[in-house]
Amino acid sequence: MPSSESLVELSLSAEQRELMERVRDFARRELNDGLIEREARSEFSREAWSKCAALGIQGLPFPVQYGGGGADVVTTVAVMEALGYGCRDAGLIFGINAQMWSVQMPILHFGTEEQKRRYLPKLNAGEWIGAHGMTEPNSGSDAFALATTARKQGDGYVLNGTKTFVTNAPVADVFVVFATTDPRLGFMGLTAFVLERSFSGLSVGRAIPKMGLRTSPMAEVVLDECLVPVENRLGPEGAGAQVFRVSMEWERACILASYVGTMERQLENCVRYARERKQFGRSIGKFQSVANRIVDMKLRLETSRHLIYRVAARKARGEDVTMDAALAKLHVSESFVQSSLDAIQIHGGYGYTTEFEVERDLRDAVAARLYSGTSEMQRNIIAAGLGL
Amino acid sequence: MIREIHDYVITELATDRELRTLAVEDDLIASGILDSMGIVKLIQFIEDRYGIQVEDDEVIPENFQHLAAIEAFIRRKTAASAG
């Protein structure tokens with residue numbers, strides 16, 4: 001049962017609100033130039049990545065001694081919301097999130113002191129880019145059925161297998177990947193590794209074209225007799241499933257915070273358009289069929305915000321958020337798809353054009369129902385939490 | 001202690017199997033009784049029931065493969081926190 005405390009509205013401090021305003025201004029000013037053209041070319045912006053790192057985005061929740069900002073979870077979520085409001089490049093934000101929650105966070109949680117010192121400062125500073133390889137051509141939702149193997153050889157391991165849909169892979173310097181060291185042990189036979197691009201036997205395939213999030217490059221990573229020193233094992237042998245679970249819990253809790261900001265911007269645009277656009281001699285917002293759609297968008301925005309901040313607050317208190325993170329991930333992703341459809345409908349034919357920058361939200365939104373566990377998998381997690 | 005863990009596994013993790021009993025060294029992982037979702041519930045139960053904190057890097061086969069391993073793990077943790 002949720003504690004009564006979790007029913008109380010969370011208030012952001014004046015400092016947190018001021019920080020959000022600074023991030024919104026930065027994002028509007030620095031991250032949106034030429035987006036339509038860059039998105040059409042599926043072009044990743046290293047410059048924008050570096051600007052975000054210079055502001056402290058990538059390092060925000062990570063300890064100061066590794067070059068991070070030392071921020072708490074709620075502040076981090078608030079900053080990501082502000083980034084999603086000001087930055088229209090959802091691909092950029094997605095790539096940053098992918099690195100923060102599924103590369104930096106597992107290194108922080110499971111890494112040796114040497115691993116933390118080697119990787120976190122460079123990832124926080126934007127000097128290196130990180131990628132996470134779990135999904136394989138034949139294991140998606142059934143993630144632990146992976147086929148990549150790691151066999152002991154001398155003072156290290158030899159990895160063989162193919163990872164697919166690896167966000168950031170074409171531009172990444174560091175890869176957190178999972179392989180089985182003992183197939184008989186199923187999910188408990190998995191082990192995590194931190195690989196560097198220069199490792200012998202690691203190659204990155206061509207960028208995979210996709211429906212949305214096009215400024216975030218994605219590719220296959222092939223491991224062919226890839227030699228990995230034992231000091232690049234992340235956590236103990238057999239702890240790979242736990243490394244993955246911890247990463248996914250962070251990712252599900254935080255990756256969609258930016259979409260709360262995006263949904264707010266989307267709502268404001270729809271309200272403005274519905275007030276300005278006249279048909280049959282009246283603003284279209286005066287027609288209930290339009291107004292009701294906008295009201296539903298507002299409801300989805302507020303419920304999404306509530307769930308995201310509730311997870312953050314509970315995580316900050318050290319509580320288990322397995323079910324809450326799944327609830328938030330499920331609700332926000334589904335809400336963003338529906339609100340993006342509504343935004344197009346409200347804008348009519350203009351909403352379908354690239355120039356109006358309304359349709360892109362829908363293409364970006366659909367991915368959220370798939371990554372970090374599909375909506376179906378989130379429902380499975382919630383059902384299991386309910387004892388089903 | 002091992003009886004409590006046994007009963008929890010039977011009633012909460014093996015709900016879709018008609019199991020009445022498990023031997024202390026039956027392999028919970030290979031049999032599929034303990035899966036990736038089940039282990040989260042089992043850890044929660046252990047932490048709540050025995051007042052210990054299971055660290056992320058302790059979630060490895062050596063500590064969870066069968067009832068005897070789980071019991072030994074809890075006893076080590078309890079002794080460490082008492083000492």
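The expected span of a helix is 1.5 Å times one less than its number of residues. Keep that rule at hand for the exercises below, which all concern a predicted model.

**Exercise 1. Describe helix α5 of chain A: its length, its bend and its cover.**

Step 1. α5 spans residues 90-110, and its 21 residues reach 29 Å, close to the 30 Å expected.
Step 2. Follow the axis to Met100(A), where α5(A) bends by about 30°.
Step 3. Count the buried residues: 19 of the 21 are buried, and α5(A) is mostly covered.

**Exercise 2. Find the residues that touch the most other members of the largest nonpolar core, and the element that gives the most to this core.**

Step 1. The core holds 128 residues, and those touching the most other members are Val77(A), Val79(A), Leu83(A), Phe193(A), Ile308(A) and Ala328(A).
Step 2. The element that gives the most to this core is α5(A), with 12 residues.
Step 3. Beyond four places in sequence, Ala328(A) touches Arg252(A), Ala253(A), Leu256(A), Leu307(A), Ile308(A) and Val311(A).
Step 4. As background, nonpolar side chains tend to be buried together in soluble globular proteins.

**Exercise 3. Decide whether Phe165(A) and Glu225(A) are buried, partly exposed or exposed, and state their phi values.**

Step 1. Phe165(A) sits in strand β3 (residues 156-167) of chain A. Its phi is positive, about 55°, although Phe165(A) is not a glycine.
Step 2. Phe165(A) counts as partly exposed because 19 C-beta neighbours lie inside 10 Å.
Step 3. Glu225(A) belongs to strand β7 (residues 218-229) of chain A, and its phi is also positive, near 55°.
Step 4. Glu225(A) has 11 C-beta neighbours inside 10 Å, so this residue counts as exposed.

**Exercise 4. Place Thr215(A) in the fold and list its contacts.**

Step 1. Thr215(A) lies in the loop between β6 (202-207) and β7 of chain A.
Step 2. Thr215(A) is buried because it has 22 C-beta neighbours inside 10 Å.
Step 3. Leu92(A) is 123 residues away along the chain, yet its C-alpha atom is 6.2 Å from that of Thr215(A).
Step 4. Setting aside neighbours within four places in sequence, the contacts of Thr215(A) are Arg38(A), Glu39(A), Ser42(A), Glu43(A), Phe44(A), Ser45(A), Asp89(A), Gly91(A) and Leu92(A).

**Exercise 5. Characterise the side of chain B that touches chain A.**

Step 1. Contact involves 13 residues of chain B and 20 residues of chain A.
Step 2. On the chain B side, α2 (38-50) and α3 (61-64) each supply at least two residues.
Step 3. Sorted by type, the chain B residues are 8 nonpolar, 2 polar and 3 charged.

Terms used
Residues numbered from 1 in each chain as written. Chains lettered and ligands numbered in written order. Predicted model: local features only at pLDDT ≥ 70, side-chain atom pairs only at ≥ 80, totals over all residues. Helix = DSSP H or I, 4+ residues; strand = E, 2+ residues; numbered from the N terminus. Bend = angle between axes of the 7 residues up to and from the residue. Buried ≥ 20, exposed ≤ 12 C-beta atoms within 10 Å, placed from the backbone. Contact = placed C-beta atoms within 7 Å. Nonpolar A, V, L, I, M, F, W, Y, C, P; charged D, E, K, R; others polar. Core = buried A, V, L, I, M, F, W, Y, C linked by C-beta atoms within 7 Å.
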